Amino acid sequence: MSDLFVALTPANLLACLAGTALGTLVGVLPGLGPAGAMALVLPLIVKLGPTAGLIMLAGVYYGAMYGGSTTSILVNVPGEAASVVTAIDGYRLARRGRAGAALAVAAVASFVAGTVSVIALQLFAPRVARLALAFGPAEYFAFALLGLVLLSNLSGGSRPKTLAMVVLGLLLSTVGMDPLGGTVRFTFDVQGAQAGLSFVAVTTGLFGVAEVLAAASAPDAPAAATRVRFRELYPSRHEMRRAVPPMLRGTALGFLIGLVPGPSATIASFVSYGVERRVSRHRAELGQGAIEGVAGPEAANNAAAGGGMIPLLSLGLPFTPSTAVLLSGMLLMSVTPGPFLLRDHPQVFWGVIGSFYVGNVMLLLLNLPLVGLFARVATVPSRWLMPVVLVLCAVAAYADNNNLFDVWVMVAAGLAGYAMRGLGLSPAPLVLGLVLGPLLERSLLQALTIGRGDVRELWASAPAALMLAAVAVALLAPLAAPLLRRVRTAREP
Amino acid sequence: MASRDRRLALGLAALALLYLAAARRYPPGTPAEPGPGVFPIAAGAALFLVAAWLFAVSSSAGAARPDERRWSAPVLGVAAALVGYAALLPLAGFAATSFALVAVTAWHMGLPGWWRPLALGAGVVMAARGLFVWWLGVPLP
């Protein structure tokens, strides 16, 4: 346990500071995301040695997670899937001149969630990790389906419209190689489409390019926000009070969801937003620029990042691209994560956990003073800002896979996203379908194969049966409600 | 005349049918050994059902109009610039196409004068090259 303080040596503190600063900087650029940012520094960490190198890598991870939300809030371009939900209310707050408040709340929420999840990581890591292994294909299938059905109605609009967007996302997720057999589907002989539609290209198009087109439709509109005074850069006491409950709810949800393999940070942010829509005292304002819509999802995705460390450090299983890069970093240093990590490399284990504490404090200290600088971006007139956003989107789309086809995907997604705005369709559920589609398909096919074609395998276990029952209730309730109302009206005298 | 939502539902249903027709190329396999066609068939059928639901619940009269946006000249100009950008990128490279994209977009969005769009284009290209290529080592086309 005393090894926890190894993170406080000057060399390790410097490595942590460099990692969080670099992660924040790269995370702010749309497209690179935490995994891309971590991959960039892999060659560098080898020179630092195991403890300092992994501390720096972990710092990049946390920094990039936080930085990803900055572009969501300022220019409606989510740098990664986990920041998509933050864009819904964060960008609207920025347009109302509350970009600073939204960024500061995002920083505080990330800090609170990151710190709480590290404490939980330290206390429960080995025991909780075994829970993650209890999930088989049938449970994953039910979990993904439940997530899609429950979280689809984020925008609060028409239920069939949001479900249509989710299913459209599933359709798009089938482009490219199928997850089990490797059959190439729906590519129409386009070479660049074989790897599937890049999530980054679709997201930057649906959000960023569509935003540029929307700005072009009203070129004479004033800047997103006017210049604000220093004291208005930070959240008011009222805003902070409103942000605390969603922050705590998001932290708890995010940590638990982070234990589940899959795109947990993304799911956690969507779940948190869905919960706020139901329980928040200001739920009517969600979608219009409510601080709860930033605090909850930001806490959730950062807590999920902490939760995701448990299976990595305790079992050596990376469940997300970011933790897979962290695993690569560990293997590069001849450190094998798993049940024996604590016995064989106690300095590395506790040093990395200690660096999470220090990293969270550094992120807060680093980002709060920068809020004013970032918030100024929202005051730049769109005729100057939007052409720059367009090039950033193009670079992000291309750099994800070094694939020119992805630039076409971004352009098509941008035009579709702009048209969708006119039709009252929200792009967030489509993104959810695109992210969860491969997990849903893989787990369905695996469960059917395990059950030798017996579909009862899908609900054979109690958790899977419970989740599928919840799916049925969620789907049938809106259909049954009008019928029940009619029966009640007919019975009334 | 059908309402906008009904037209949307019909469009989604047509898309689902087209997708299902394309999905016939991939074998569904057997229940014990599901093939690559199973999930697309299920997803296409789901889209068709949701489209039918949307059609059923949307009224025939024009309903709410959440955010009608015109395809005005600046929007079409930026859209055309984007398509041109994607088409010319492999031929002319990042610097020339990005410079043109920024300048054309800025001009369509009302940046006054001729030199401001050009200066913005040049500045963005140089900054992007410096940041992504030289500093971060991210390859650009």
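Reader: In which helix of chain A does A:L17 lie?

Author: This is a predicted model, in which local features need pLDDT of at least 70 and side-chain atom pairs count only at pLDDT 80 or more, while totals for chains, interfaces and linings use all residues. Residues are numbered from 1 along each chain as its sequence is written, and chains are lettered from A and ligands numbered from 1 in the order in which they are written. Helices are DSSP runs of H or I with at least four residues, strands are runs of E with at least two, and both are numbered from the N terminus. On that basis the helix that holds A:L17, residues 10–28 of chain A, is α1.

Reader: How many C-beta neighbours does A:L17 have inside 10 Å?

Author: A residue is buried if 20 or more other C-beta atoms, placed from the backbone, lie within 10 Å of its own, exposed if 12 or fewer, and partly exposed in between. A:L17 counts as partly exposed because its number of such neighbours is 19.

Reader: Which residues touch the most other members of the largest nonpolar core?

Author: A nonpolar core is a set of buried Ala, Val, Leu, Ile, Met, Phe, Trp, Tyr and Cys residues joined through C-beta atoms within 7 Å. The largest such core has 211 residues, and α5 (residues 99–133) of chain A gives the most to this core, with 17 residues. The members that touch the most others are A:M56 and A:V105.

Reader: Are the helices α9(A) and α11(A) roughly parallel or roughly antiparallel to each other?

Author: Axes are lines fitted to C-alpha atoms, for helices over the stretch in contact, and angles run from 0 to 180 degrees between N-to-C directions. Angles under 35 degrees count as roughly parallel, over 145 as roughly antiparallel, 65 to 115 as roughly perpendicular and the rest as oblique. The axes of α9 (residues 237–258) and α11 (residues 292–307) of chain A come within 6 Å and cross at roughly 30 degrees. The two helices, α9(A) and α11(A), are therefore roughly parallel.

Reader: How many residues of chain B are in contact with chain A?

Author: Two residues are in contact if their C-beta atoms, placed from the backbone, lie within 7 Å. The largest share of the side of chain B that touches chain A, 16 residues, comes from α3(B). On the side of chain A 55 residues take part, and in chain B the number is 58.

Reader: In which crossing does α17(A) pass α3(B), left-handed or right-handed?

Author: The helices α17 (residues 382–401) of chain A and α3(B) pack at an angle of about 165 degrees, with their axes 8 Å apart, and they are therefore roughly antiparallel to each other. A crossing is left-handed if the near helix is turned anticlockwise from the far one by less than a right angle, and right-handed if clockwise. The crossing in which α17(A) passes α3(B) is left-handed.

Reader: How many nonpolar residues does the contact of α17(A) with α3(B) have?

Author: Ala, Val, Leu, Ile, Met, Phe, Trp, Tyr, Cys and Pro count as nonpolar, Asp, Glu, Lys and Arg as charged, and the others, Gly among them, as polar. Among the residues that make the contact are A:R383 and A:M386 of α17(A) and B:Y85 and B:S98 of α3(B). The contact has 1 charged and 2 polar residues, and the number of nonpolar ones is 9.

Reader: Where in chain A is the place of A:F188?

Author: A:F188 has a positive phi of about 50 degrees although it is not a glycine. A:F188 counts as exposed because it has 7 C-beta neighbours inside 10 Å. The place of A:F188 is in the loop between β2 (184–185) and α8 (199–217).
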